Amino acid sequence: MMKQKRSFRLPLLLLAAFALWTAAVTCVDVQPIGPEGSRVGFGTINGLFHQWTGVHLLLYALTDWLSLVPVAFGLGFACLGLAQWIKRGRLSRVDSSLLVLGGFYLLVLAVYLFFEMVVINRRPVLLEGMLEASYPSSTTVLVLCVMLTAAMQVKQRLRSVFRQRLALVVIWAYAVLMVLGRLVSGVHWLSDIIGGVLVSAGLVTAYGAVCEKVK
(Lines give C-alpha, C1' and ligand atoms only; values in the text may rest on other atoms or scores of the structure.)
Protein backbone atom coordinates (compact mmCIF):
# COMPACT_ATOMS: atom_id res chain seq x y z
CA MET A 1 0.00 0.00 0.00
CA MET A 2 2.80 2.43 0.91
CA LYS A 3 4.55 1.65 -2.38
CA GLN A 4 1.39 2.51 -4.31
CA LYS A 5 1.00 5.78 -2.40
CA ARG A 6 4.60 6.75 -3.14
CA SER A 7 4.17 5.93 -6.82
CA PHE A 8 1.46 8.60 -7.18
CA ARG A 9 3.39 11.27 -5.30
CA LEU A 10 5.48 12.40 -8.28
CA PRO A 11 2.51 12.71 -10.71
CA LEU A 12 0.61 14.76 -8.15
CA LEU A 13 3.60 17.05 -7.56
CA LEU A 14 4.10 17.55 -11.30
CA LEU A 15 0.42 18.28 -11.92
CA ALA A 16 0.40 20.69 -8.97
CA ALA A 17 3.47 22.40 -10.47
CA PHE A 18 1.60 22.69 -13.79
CA ALA A 19 -1.44 24.20 -12.04
CA LEU A 20 0.77 26.73 -10.23
CA TRP A 21 2.64 27.56 -13.44
CA THR A 22 -0.65 28.06 -15.28
CA ALA A 23 -1.91 30.37 -12.55
CA ALA A 24 1.35 32.33 -12.68
CA VAL A 25 1.10 32.71 -16.47
CA THR A 26 -2.27 34.41 -16.03
CA CYS A 27 -1.09 37.03 -13.54
CA VAL A 28 2.71 37.49 -13.43
CA ASP A 29 4.21 40.26 -15.59
CA VAL A 30 1.25 40.29 -17.98
CA GLN A 31 2.02 42.53 -20.97
CA PRO A 32 0.27 43.26 -24.32
CA ILE A 33 3.20 41.97 -26.40
CA GLY A 34 1.30 39.58 -28.66
CA PRO A 35 -0.32 40.23 -32.04
CA GLU A 36 -3.38 42.47 -31.95
CA GLY A 37 -2.33 43.59 -28.46
CA SER A 38 -2.94 40.16 -26.92
CA ARG A 39 -1.75 40.02 -23.32
CA VAL A 40 0.88 37.48 -22.27
CA GLY A 41 2.11 36.42 -18.83
CA PHE A 42 5.84 36.51 -18.05
CA GLY A 43 5.91 39.18 -20.74
CA THR A 44 9.55 40.22 -20.29
CA ILE A 45 11.00 36.69 -20.47
CA ASN A 46 8.62 35.54 -23.19
CA GLY A 47 9.24 38.66 -25.25
CA LEU A 48 13.03 38.42 -25.01
CA PHE A 49 13.03 34.72 -25.85
CA HIS A 50 10.77 35.27 -28.84
CA GLN A 51 13.03 38.04 -30.13
CA TRP A 52 16.02 35.72 -29.74
CA THR A 53 14.51 32.78 -31.63
CA GLY A 54 12.59 34.73 -34.27
CA VAL A 55 9.92 32.96 -36.34
CA HIS A 56 10.75 29.97 -38.56
CA LEU A 57 7.61 28.86 -40.35
CA LEU A 58 9.41 26.07 -42.22
CA LEU A 59 10.38 24.51 -38.90
CA TYR A 60 6.82 24.99 -37.69
CA ALA A 61 5.48 23.18 -40.77
CA LEU A 62 8.05 20.38 -40.34
CA THR A 63 7.12 19.79 -36.70
CA ASP A 64 3.46 19.86 -37.69
CA TRP A 65 3.98 17.09 -40.24
CA LEU A 66 6.18 15.08 -37.87
CA SER A 67 3.44 15.25 -35.23
CA LEU A 68 1.67 12.59 -37.33
CA VAL A 69 4.18 10.09 -35.89
CA PRO A 70 2.55 9.98 -32.41
CA VAL A 71 -0.86 9.84 -34.10
CA ALA A 72 0.32 6.73 -35.96
CA PHE A 73 1.62 5.21 -32.70
CA GLY A 74 -1.72 5.88 -31.01
CA LEU A 75 -3.64 4.26 -33.84
CA GLY A 76 -1.24 1.32 -33.76
CA PHE A 77 -1.84 0.64 -30.08
CA ALA A 78 -5.58 1.09 -30.59
CA CYS A 79 -5.47 -1.57 -33.34
CA LEU A 80 -3.44 -3.87 -31.08
CA GLY A 81 -6.03 -3.53 -28.33
CA LEU A 82 -8.88 -4.15 -30.80
CA ALA A 83 -7.13 -7.25 -32.17
CA GLN A 84 -6.70 -8.62 -28.64
CA TRP A 85 -10.36 -7.91 -27.88
CA ILE A 86 -11.50 -9.78 -31.00
CA LYS A 87 -9.11 -12.70 -30.46
CA ARG A 88 -9.72 -13.11 -26.73
CA GLY A 89 -13.47 -12.50 -26.88
CA ARG A 90 -13.77 -10.09 -23.96
CA LEU A 91 -12.63 -6.55 -23.33
CA SER A 92 -11.53 -7.58 -19.82
CA ARG A 93 -8.96 -9.95 -21.38
CA VAL A 94 -7.17 -7.17 -23.26
CA ASP A 95 -3.80 -6.33 -21.71
CA SER A 96 -4.42 -4.02 -18.77
CA SER A 97 -1.68 -1.61 -19.91
CA LEU A 98 -3.50 -1.16 -23.23
CA LEU A 99 -6.81 -0.47 -21.49
CA VAL A 100 -5.10 2.10 -19.28
CA LEU A 101 -3.45 3.55 -22.38
CA GLY A 102 -6.83 4.00 -24.05
CA GLY A 103 -8.12 5.88 -21.02
CA PHE A 104 -4.92 7.92 -20.97
CA TYR A 105 -5.43 9.00 -24.59
CA LEU A 106 -8.96 10.16 -23.73
CA LEU A 107 -7.57 12.16 -20.80
CA VAL A 108 -4.97 13.83 -23.03
CA LEU A 109 -7.74 14.71 -25.49
CA ALA A 110 -9.79 16.19 -22.65
CA VAL A 111 -6.83 18.35 -21.58
CA TYR A 112 -6.44 19.59 -25.16
CA LEU A 113 -10.14 20.45 -25.50
CA PHE A 114 -10.18 22.20 -22.12
CA PHE A 115 -7.38 24.58 -23.10
CA GLU A 116 -8.99 25.22 -26.46
CA MET A 117 -12.03 26.51 -24.57
CA VAL A 118 -10.19 28.14 -21.66
CA VAL A 119 -7.60 30.30 -23.42
CA ILE A 120 -4.56 31.21 -21.30
CA ASN A 121 -2.26 32.59 -24.00
CA ARG A 122 -2.45 33.23 -27.73
CA ARG A 123 0.36 32.65 -30.21
CA PRO A 124 3.13 35.20 -30.77
CA VAL A 125 2.33 35.13 -34.51
CA LEU A 126 -0.76 35.08 -36.71
CA LEU A 127 -1.19 31.81 -38.61
CA GLU A 128 -3.27 32.16 -41.76
CA GLY A 129 -4.48 35.48 -40.40
CA MET A 130 -5.80 33.92 -37.18
CA LEU A 131 -4.67 34.38 -33.59
CA GLU A 132 -4.88 30.91 -32.05
CA ALA A 133 -4.70 29.63 -28.49
CA SER A 134 -1.18 28.48 -27.67
CA TYR A 135 -1.06 27.35 -24.01
CA PRO A 136 0.04 24.71 -23.32
CA SER A 137 1.76 23.72 -26.56
CA SER A 138 -0.56 21.01 -27.91
CA THR A 139 2.16 19.54 -30.12
CA THR A 140 4.46 19.25 -27.11
CA VAL A 141 1.71 17.51 -25.13
CA LEU A 142 0.85 15.16 -28.01
CA VAL A 143 4.45 14.17 -28.66
CA LEU A 144 5.50 13.69 -25.04
CA CYS A 145 2.34 11.96 -23.84
CA VAL A 146 2.06 9.53 -26.75
CA MET A 147 5.74 8.81 -27.35
CA LEU A 148 6.80 8.42 -23.71
CA THR A 149 3.92 6.04 -23.00
CA ALA A 150 4.87 4.26 -26.23
CA ALA A 151 8.38 3.88 -24.82
CA MET A 152 6.88 2.12 -21.78
CA GLN A 153 4.89 -0.19 -24.07
CA VAL A 154 7.97 -0.95 -26.20
CA LYS A 155 10.03 -1.79 -23.12
CA GLN A 156 7.30 -4.17 -21.99
CA ARG A 157 6.71 -5.87 -25.35
CA LEU A 158 10.14 -6.22 -26.97
CA ARG A 159 12.09 -9.16 -25.61
CA SER A 160 15.42 -8.28 -27.21
CA VAL A 161 17.40 -5.91 -24.99
CA PHE A 162 19.16 -4.48 -28.06
CA ARG A 163 15.85 -3.73 -29.79
CA GLN A 164 14.47 -2.22 -26.60
CA ARG A 165 17.42 0.14 -26.26
CA LEU A 166 17.42 1.08 -29.93
CA ALA A 167 13.70 1.82 -29.89
CA LEU A 168 13.99 3.86 -26.70
CA VAL A 169 16.87 5.93 -28.09
CA VAL A 170 14.91 6.67 -31.28
CA ILE A 171 11.73 7.56 -29.36
CA TRP A 172 13.49 9.84 -26.88
CA ALA A 173 15.56 11.52 -29.60
CA TYR A 174 12.42 12.18 -31.64
CA ALA A 175 10.54 13.56 -28.61
CA VAL A 176 13.38 15.88 -27.54
CA LEU A 177 13.97 17.18 -31.08
CA MET A 178 10.26 17.83 -31.58
CA VAL A 179 9.98 19.86 -28.38
CA LEU A 180 13.14 21.82 -29.22
CA GLY A 181 11.91 22.35 -32.77
CA ARG A 182 8.61 23.69 -31.52
CA LEU A 183 10.43 25.90 -29.03
CA VAL A 184 12.68 27.63 -31.57
CA SER A 185 10.10 27.77 -34.38
CA GLY A 186 8.70 30.92 -32.78
CA VAL A 187 5.04 29.91 -32.91
CA HIS A 188 4.83 29.47 -29.13
CA TRP A 189 5.86 31.50 -26.14
CA LEU A 190 8.49 29.93 -23.88
CA SER A 191 5.86 29.62 -21.15
CA ASP A 192 3.66 27.55 -23.51
CA ILE A 193 6.40 24.95 -23.95
CA ILE A 194 7.17 24.82 -20.23
CA GLY A 195 3.48 24.32 -19.49
CA GLY A 196 3.30 21.53 -22.08
CA VAL A 197 6.30 19.75 -20.58
CA LEU A 198 4.94 20.00 -17.04
CA VAL A 199 1.45 18.69 -17.80
CA SER A 200 2.89 15.92 -19.99
CA ALA A 201 5.30 14.84 -17.26
CA GLY A 202 2.45 14.72 -14.75
CA LEU A 203 0.16 12.72 -17.04
CA VAL A 204 2.85 10.27 -18.18
CA THR A 205 4.08 9.52 -14.66
CA ALA A 206 0.45 9.05 -13.59
CA TYR A 207 0.01 6.56 -16.44
CA GLY A 208 3.08 4.66 -15.25
CA ALA A 209 1.80 4.60 -11.68
CA VAL A 210 -1.63 3.29 -12.73
CA CYS A 211 -0.02 0.58 -14.88
CA GLU A 212 2.03 -0.58 -11.86
CA LYS A 213 -1.12 -0.71 -9.75
CA VAL A 214 -3.15 -2.80 -12.21
CA LYS A 215 -0.42 -5.37 -12.94
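Is Arg-157 buried, partly exposed or exposed? Arg-157 is partly exposed, with a relative accessible area of 29%, where buried means under 20%, exposed over 50% and partly exposed in between (1.4 Å probe, protein chains only). Before we go on, please note that this is a predicted model, in which local features need pLDDT of at least 70 and side-chain atom pairs count only at pLDDT 80 or more, while totals for chains, interfaces and linings use all residues. Residues are numbered from 1 along each chain as its sequence is written, and side-chain values use heavy atoms, with hydrogens and water left out.

Let us stay with Arg-157 for a moment. Its side chain meets that of Asp-95 in a salt bridge, at 3.1 Å from N to O; the term stands for a side-chain nitrogen of Lys or Arg within 4 Å of a carboxyl oxygen of Asp or Glu. Arg-157 lies in helix H7 and Asp-95 in the loop between H5 and H6, so this pair ties together parts that are 62 residues apart in sequence. Helices here are DSSP runs (H or I, at least four residues), numbered from the N terminus.

The structure holds 4 salt bridges. In one of them, Asp-64 pairs with Arg-182, and the closest N and O atoms are 3.2 Å apart. Because Asp-64 sits in helix H4 (residues 57–66) and Arg-182 in helix H8 (residues 161–185), the bridge ties together parts 118 residues apart in sequence. Arg-182 counts as buried at 2% relative accessibility, whereas Asp-64 counts as partly exposed at 31%. Another salt bridge joins Arg-123 to Glu-132, with 2.9 Å between the closest N and O atoms. Here Arg-123 is buried, at a relative accessible area of 6%, and Glu-132 is partly exposed, at 29%. Salt bridges that share partners also join Arg-88, Asp-95 and Arg-157 into one network.

Now follow helix H6, residues 96–117. Its 22 residues reach 32 Å from the first C-alpha to the last, close to the 32 Å expected at 1.5 Å a residue; the expected span is 1.5 Å times one less than the number of residues. The buried residues of H6 are Ser-97, Leu-98, Val-100, Leu-101, Phe-104, Val-108, Val-111 and Phe-115. They cover an arc of only 150° around the axis, which puts them on the same side of H6; the arc is that of the directions from the helix axis to the C-beta atoms. An α-helix has 3.6 residues a turn, so residues three or four places apart point the same way. Cover for the buried residues of H6 includes helices H2 (9–27), H5 (68–88), H7 (138–157) and H9 (190–214).

Turn to the face of H6 that points away from its buried side, and you will find the exposed residues Leu-106 and Met-117. Both belong to a nonpolar surface patch that also includes Leu-109, Tyr-112, Leu-113, Phe-114 and Val-118, with about 700 Å² of accessible area together. Val-118 is placed in the loop between H6 and H7 and is partly exposed, with a relative accessible area of 35%.

Ala-133 is found in the loop between H6 and H7, and counts as buried at 17% relative accessibility. Ala-133 and Met-117 are 16 residues apart in sequence and 8.9 Å apart in space, C-alpha to C-alpha. Setting aside neighbours within four places in sequence, Ala-133 is in contact (heavy atoms within 4.5 Å) with Phe-115, Glu-116, Val-119, Asn-121, Arg-122 and Arg-123.

Key: Helices (H or I, at least four residues) and strands (E, at least two) are DSSP runs, numbered from the N terminus. Patches are made of residues with over 30% relative accessible area and no salt bridge: like charges are joined within 9 Å, nonpolar side chains (Val, Leu, Ile, Met, Phe, Trp, Tyr) within 5 Å. Accessible areas come from the Shrake-Rupley method with a 1.4 Å probe; for residues, only the protein chains shown count as cover.
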